[in-house]
Amino acid sequence: MALAVHFHDQTQPTHDSSLRDEALEGFAASPKHISPKFFYDRRGSELFEQICLLPEYYVTRTEEKILANAANEILEIAGPQTDLIELGSGASRKVRLLLEGLRPVSYLGIDISEDFLLTSTQRLAADYPWLDVHAACADFSDELKLPDDFTLHHPLVFFPGSSIGNFTPLEARKLLGHLREILPPGGGLLIGVDLVKDRSVLEAAYNDSAHVTAAFNLNLLQRIRQELDSDIDPSRFTHRAFFNEQDSRIEMHLVSREAQDLTIEGQRFHFDAGESLHTENSYKYTLESFADLANSAGFDCSGQWTDAQNLFSVHYLQRRP
């Protein structure tokens, strides 16, 4: 019986300086940019959970419905006695749709936000006392290394929420390749993938009427101000999100309201009025284009499910020998 969460801190010794290093590099670049992984401090994680409940943000409720409807088919493909690994576990809400049916031997939640990760996995351990629960604070966008005491017998990686869309197709293929390396032949990857659809639906999802996504985006600047030596003022920026049809991706930016200079760790950066900091991409796929991407990374598609409106998709991928 699981009495506690086995916690593994897999952040590097330089983890605290990674925000500093990437901010200094990204703000000096042209165009300016920073990785979306820095959205997820505690406040950012809380805001994202609010986003998931918004009427405009179809992703979460649609994926949950797909998982609920496909649960028996997923169980049939995965088989019994799995070791379930969730990437970007967040509040670990969707995984509950799998736990009762799969009854995995063990669970490992991996997330970059330590406080949020601990809270969610402790709740899982309390709600599922038969489950051996592990939590790893790690950046899975780097090459993933599983904790030494998390033994894999029959692994299934769960990667929900279309987080794969935050990576360019080349980066996504590389990440899938890393996941393939930790899986034995036949090992499974259950992954959520957002689909190409009408521009108005896509753009509404990232420009909600309650402005929660704007607060989520701007919180990145607040984090820089709080954690680094910086005079950056979030109120001098505004949120912008739009669909780039040519690249099949939503882009999120923070746009400077006026010409301004700011400092980070003693370095000075200039923004022209209307100049932006590119904070996130969210690539959208067709069923065929994602299957091709997975195939190129060494996976075969054993199952593919969508909702009635073809807003979202879930894929069961199996590692080829």
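Reader: Why is Asn310 called partly exposed?

Author: Its relative accessible area is 40% in this predicted model. Buried means under 20% and exposed means over 50%. The value for Asn310 lies in between, so Asn310 is partly exposed.

Reader: Where is Asn310, and what is its phi?

Author: Asn310 sits in the loop between strand S13 (299-306) and strand S14 (312-319). Its phi is about 55°, a positive value, although Asn310 is not a glycine. Most residues other than glycine have a negative phi.

Reader: What makes Glu265 partly exposed?

Author: The relative accessible area of Glu265 is 27%. That falls between the 20% and 50% cut-offs, so the label is partly exposed. Phi of Glu265 is positive too, near 50°. This residue belongs to the loop between strand S10 (260-264) and strand S11 (267-271).

Reader: How do you know that the peptide bond from Ser30 to Pro31 is cis?

Author: Its omega is near 0°. Pro31 is in the loop between helix H1 (15-28) and S2.

Reader: Why do S2 and S8 count as edge strands?

Author: The open sheet has the order S2-S12-S9-S8, with mixed pairing. Strand S2 (32-33) and strand S8 (237-244) each have a single partner strand, so one side of each lacks a neighbour in the sheet.

Reader: What makes S8 and S9 a pair?

Author: Two strands pair if there are at least two bridges between them. S8 and strand S9 (residues 249-256) have eight, in the antiparallel sense.

Terms used:
Residues are numbered from 1 along each chain as its sequence is written. This is a predicted model: local features need pLDDT of at least 70, side-chain atom pairs count only at pLDDT 80 or more; totals for chains, interfaces and linings use all residues. Side-chain values use heavy atoms; hydrogens and water are left out. Helices (H or I, at least four residues) and strands (E, at least two) are DSSP runs, numbered from the N terminus. Buried means under 20% relative accessible area, exposed over 50%, partly exposed in between (1.4 Å probe, protein chains only).
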